[in-house]
Amino acid sequence: IGLIIPFIKIFIDESFLISIINKSEYFKFILNYEKTTILILIIVLFTSIFILKFFCLTIISYKKFYFINELIKSRTLSLYKVYLNQDIFFHNDNHSSSLVKNLINEMFCLSAFYNALIIFLAEVLFTVLIFVFLLFFDPLITVVTLIISFFTVLIFQALIKNRVFIWGNERQEIQAEMMKEITEALSAIKELIIFKKINYFRKRLKILYDKKFKVDVKFSTYNDIPKNFIELIGLFIFCVLITIMFYRGDEKETIFLNLAVLAAVTFKVLPSISRIMNAVQQIQFHYPVFNLLHRQLKINIKDNLSFESFDFIKKIEIRALSFKYPNTKKYIFKDLSFTINKGELIGIHGESGTGKSTLIYLISGFINKFSGKILCDNYNILNSIECWRSKIGYLAQSFHVLDDTLLNNILLNDKM
């Protein structure tokens with residue numbers, strides 16, 4: 001934009017071009033050329049600067065998206081590690097569809113949040129620089145433009161801020177319910193077919209999707225308003241500034257030059273302000289996601305890295321074991337003690353809900369918050385869960401089959 005003023009003056013004032021050339025001995029040779037040739041060279045130079053700008057902005061754009069995607073990859077893998085290293089209580093309290101949603105859908109929203117934040121910072125910096133340039137060019141015009149722009153943006157944000165934040169929370173809750181609904185329906189597809197409940201689950205998903213549809217439409221509409229709104233405000237500012245210049249008694253040449261500069265500034269600043277307002281709305285809309293994932297990433301990793309070796313030679317001993325699930329008063333086990341000798345074949349039977357699976361979870365080390373001790377040849381298994389798990393086998397009631405080869409289903413590893 002700073003090139004606009006001299007570029008226009010070169011075409012409307014030949015003496016201005018000669019005065020610039022005469023300021024340096026190195027450029028006086030240009031005066032030997034015809035005026036038309038000089039103007040063509042200036043146009044080529046001007047165009048070359050914009051081509052260079054294009055390549056620079058392309059590189060900056062690549063770096064920006066590389067940074068965002070690298071950040072999202074890092075956050076996703078970190079959160080995945082957090083989830084995989086939580087105890088069984090965490091996974092009982094959090095539906096798997098909710099965790100999947102956080103790792104995939106919400107990470108996409110987090111990417112939009114970071115992108116909007118970068119756009120906001122870049123556009124604010126650009127706009128500030130433009131207004132600094134205008135301040136030197138014409139202080140009065142700059143002050144008037146700043147005042148109108150500031151109060152316009154302030155009023156607009158005050159009107160929509162709370163709504164956008166509420167819609168962001170609603171979207172997050174609805175999407176979690178949708179993911180849960182789909183996961184549960186597909187997991188029970190045989191039952192749905194047998195009992196003819198497919199339409200029932202389809203209607204339930206439609207209700208959720210209708211809610212999400214309304215939220216998305218409202219947010220998209222509000223997100224599109226700044227573009228048209230800013231154009232209207234820009235026209236108003238332009239009319240006000242023309243009026244000021246006429247009443248100030250500026251000469252026609254000065255007014256023409258000022259209008260040319262203001263047109264160039266408007267061409268760049270109005271889209272920038274529109275992007276700032278859109279970015280603010282995106283930040284507000286996706287902030288609940290940022291807040292959620294930030295809290296999730298701060299969850300402590302329950303990863304027992306100690307591997308103190310011990311041997312299993314004689315027996316497993318359960319000594320004075322007492323356990324109840326969190327937020328309940330009823331004990332599943334109270335002062336339970338028994339011994340399993342190596343080589344013995346035993347079975348555990350009982351009614352549903354009496355603690356058969358819970359006992360296996362305790363012995364396997366899935367649950368480590370209990371009173372009493374679980375000993376292997378008088379060695380407390382909690383002192384080295386990794387070593388203990390390397391000595392036992394575990395076959396779940398409901399075995400999950402990977403969509404992979406039989407070998408990888410057995411090894412659960414890419415190394416043979």
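This is a predicted model: local features need pLDDT of at least 70, side-chain atom pairs count only at pLDDT 80 or more; totals for chains, interfaces and linings use all residues.
**Entry 1: aromatic pairs**

I began with the aromatic rings and found 15 aromatic pairs in the structure. I looked up one of them, Phe113 with Phe290, and noted that the two rings are stacked. Their centres are 4.7 Å apart, and the angle between the planes is 15 degrees. Planes under 30 degrees apart count as stacked, so the label follows from the angle.

Next I asked where in the chain the two residues of this pair sit. Phe113 belongs to helix α6, residues 105–137, and Phe290 to helix α10, residues 252–297.

Phe113 has a relative accessible area of 6%, so I wrote it down as buried. Phe290 comes to 24% relative accessibility and counts as partly exposed.

I turned to a second pair, Phe312 and Trp388. Here the ring centres are 6.4 Å apart and the planes stand at 65 degrees, so the pair is edge-to-face. Phe312 is in the loop between α10 and β1, which spans residues 315–323, while Trp388 is in helix α12, residues 385–389. The pair therefore ties together parts that are 76 residues apart in sequence. Phe312 is partly exposed, at 21% relative accessible area, and Trp388 is buried, at 0%.

I also noted a group: Phe113, Tyr114, Tyr287 and Phe290 make up one aromatic cluster. The stacked pair of Phe113 and Phe290 is thus found again among the members of this cluster.

**Entry 2: lysines over rings**

Which residue lies over the face of Tyr331? I found Lys334 there, at 4.2 Å from the ring centre. I found Lys342 over the face of Phe312, at 5.4 Å from the ring centre. Phe312 is the residue that I had already listed in the edge-to-face pair with Trp388.

**Entry 3: cavities**

Rolling a probe the size of a water molecule over the atoms shows where empty space is left. I counted two cavities of 30 Å³ or more.

The largest cavity has a volume of about 140 Å³. It is lined by 14 residues, and the closest to its centre are Thr145, Ile237, Val265, Thr266 and Leu270. I listed the elements that give two or more residues to this lining: α6, α7 (139–187), α9 (198–248) and α10. Which of them gives the largest share? That is α10, with six residues. By class, I recorded 10 nonpolar and four polar residues in the lining, and no charged ones.

The second largest cavity holds about 40 Å³ of space. I wrote down its lining as Ser149, Thr152, Val153, Ile230, Ile233, Ile237, Leu270 and Ile273. The elements that give two or more residues here are α7, α9 and α10. Six lining residues are nonpolar, two are polar and none is charged.

I compared the names in the two lists. Ile237 and Leu270 line the second largest cavity, and both are also named among the residues closest to the centre of the largest cavity.

**Entry 4: the sheet**

Strands of a sheet pair through backbone hydrogen bonds, either parallel or antiparallel. The sheet I looked up is open and has four strands in the order β2-β1-β3-β4, with antiparallel pairing. Why does one side of β2 and of β4 lack a neighbour in the sheet? Strands β2 (333–341) and β4 (379–380) stand at the edges and have a single partner strand each, so one side of each is left without a neighbour.

Strand β3, residues 371–376, pairs with β4 in the antiparallel sense over two bridges. Cys376 has Tyr379 of β4 as its bridge partner.

**Entry 5: positive phi angles**

Last, I looked up two residues with positive phi. Asn327 is not a glycine, yet its phi is about 65 degrees. Asn327 is in the loop between β1 and β2, and I noted it as exposed, with a relative accessible area of 86%.

Asp335 is also a residue other than glycine with a positive phi, near 55 degrees.

Key:
Residues are numbered from 1 along each chain as its sequence is written. Side-chain values use heavy atoms; hydrogens and water are left out. Rings of Phe, Tyr and Trp (its six-membered ring) pair if their centres lie within 6.5 Å; planes under 30 degrees apart count as stacked, over 60 as edge-to-face and the rest as tilted. Buried means under 20% relative accessible area, exposed over 50%, partly exposed in between (1.4 Å probe, protein chains only). A charge sits over a ring if NZ of Lys or CZ of Arg is within 6 Å of the ring centre and within 35 degrees of the ring normal. On a 1 Å grid over the protein atoms alone, a cavity is a set of points where a 1.4 Å probe fits but cannot get out, and a pocket is an open set with protein on both sides within 12 Å along at least five of seven lines; lining residues have an atom within 4 Å of a point. Grid points are joined across faces, edges and corners, and a volume is the space filled by probe spheres set on the points. Ala, Val, Leu, Ile, Met, Phe, Trp, Tyr, Cys and Pro count as nonpolar, Asp, Glu, Lys and Arg as charged, and the others, Gly among them, as polar. Two strands pair if DSSP finds at least two bridges between them.
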